[in-house]
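Let's take a walk through this model together. Have the sequence and the 3D view open, and follow along as we go.

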Amino acid sequence: MSLTRIHNFSVSLDGFGTGEPQSAEAPFGHAGQRLHQWMMATRSWDPTGTAGVDDAFAERHDPGIGAEIMGANKFGPPGWQDDPGWDGWWGPNPPFHTPTFVLTHRPRPSIEMEGGTTFHFLEASPAEALETARAAAGGQDVRIGGGVTVVRDFLLAGLVDHMHLVVVPIVLGRGVRLWDGLEAVEEGFDVEAVSAPSGVTHLTFTRKTP
Ligand SMILES: NC(=O)c1ccc[n+]([C@@H]2O[C@H](COP(=O)([O-])OP(=O)(O)OC[C@H]3O[C@@H](n4cnc5c(N)ncnc54)[C@H](OP(=O)(O)O)[C@@H]3O)[C@@H](O)[C@H]2O)c1
């Protein structure tokens, strides 16, 4: 069965998944790279990195994934829709290597990149987007790649089977909050926590079997 999964999604202690303002120079706003330093220190990211608890979680990001869904603000900085040449942050060979569906109210024709990534642009509800992505995933799982609003919307719609969330011990104070409107969301999941020596806490939310 094809699952809907979230991996390596990092939030501050006060629940922000990005800072502000987002821009081409600062994709995470005033958060800079602090939400993902734990991940960038691992072997999954850097061959000379660590191979401990953080790496064990980080490396689960790709296996078994056949398509990704992301939001417009993960795909580019504010205003990218006005740039007909914008094809993402990641260069000619993006790290997705699957069909990748960008939710936007200003869709454009698909862009085929090197390495198996094709960006498709969709204006659709989370359930419709998931149906489309699942059809393209070849029987594999679909990853919800962020940003914060899209993760929140998929949780709200009850469409997430497994979420790996990383609580980073920083207080951002402002940005885009994950938990708004999700009161008691944890009740639908079995939740486990693992503390890593780096200072982050890995939480896994696995949908309860009915
Ligand atoms: N913490 C993490 O681990 C993590 C992971 C990935 C990304 N991020 C960060 O998160 C930030 C982006 O998050 P965000 O909450 O600002 O935005 P987002 O979730 O990336 O995208 C939200 C935008 O996507 C479009 N959209 C969403 N649902 C749609 C639908 N059903 N139909 C059509 N369009 C839809 C809308 O844009 P339009 O109306 O403009 O089309 C909406 O404003 C970035 O800073 C990114 O770097 C963080």
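Start with two strands: E8 (residues 162-168) and E11 (residues 201-207) run antiparallel and are joined by six bridges. Here helices (H or I, at least four residues) and strands (E, at least two) are DSSP runs, numbered from the N terminus, and two strands pair if DSSP finds at least two bridges between them. What you're looking at is a predicted model, where local features need pLDDT of at least 70 and side-chain atom pairs count only at pLDDT 80 or more, while totals for chains, interfaces and linings use all residues. Residues are numbered from 1 along each chain as its sequence is written.

Now find His202 in E11: Val166 stands opposite it, and Val194 stands opposite His202 too. E10 and E11 also pair in the antiparallel sense, over seven bridges. Five residues lie between the strands of this hairpin, and Gly199 takes a positive phi near 110 degrees there.

Zoom out a bit. Nine strands make up an open sheet with mixed pairing, in the order E5-E6-E4-E3-E7-E1-E8-E11-E10. E5 (111-112) and E10 (189-195) stand at the edges with a single partner strand each, so one side of each has no neighbour in the sheet. For a parallel pair, look at E1 and E7 (residues 141-144), which are joined by two bridges. Thr4 has Val142 in E7 as its bridge partner.

Next come the helices. H5 lies across E1, E3 (65-71), E4 (99-103) and E7. Its direction makes an angle of about 110 degrees with E3 (axes are lines fitted to C-alpha atoms, for helices over the stretch in contact, and angles run from 0 to 180 degrees between N-to-C directions).

H4 (residues 126-136) has the buried residues Pro126, Ala129, Leu130 and Ala133. They cover an arc of only 100 degrees around the axis, so they sit on the same side of H4; the arc is that of the directions from the helix axis to the C-beta atoms. A residue is buried if 20 or more other C-beta atoms lie within 10 Å of its own, exposed if 12 or fewer, and partly exposed in between, with C-beta atoms placed from the backbone. The buried residues of H4 pack against E1, E3, E4, E6 (118-122), E7 and H5, where contact asks for C-beta atoms, placed from the backbone, within 7 Å. Turned away from that buried side are the exposed Ala127, Glu128, Glu131 and Ala135. After H4 comes Gly138, with a positive phi near 60 degrees.

What about the ligand? It is surrounded by 26 residues, and the closest are Gly71, Asn73, Gly146, Gly147 and Thr149; a residue counts as near if its C-beta atom, placed from the backbone, lies within 6 Å. Elements giving two or more residues to this shell are E1 (4-12), E2 (16-18), H3 (72-75) and H5 (148-156). The largest share, four residues, comes from H5.

Finally, a few backbone details. The peptide bond from Gly146 to Gly147 is cis, with omega near 0 degrees, and Gly147 lies in the loop between E7 and H5. Another cis peptide bond joins Glu20 and Pro21, with omega about -10 degrees. His97, in the loop between H3 and E4, has a positive phi of about 60 degrees although it is not a glycine. His97 is partly exposed, with 15 other C-beta atoms within 10 Å.

Methods. Two residues are in contact if their C-beta atoms, placed from the backbone, lie within 7 Å.
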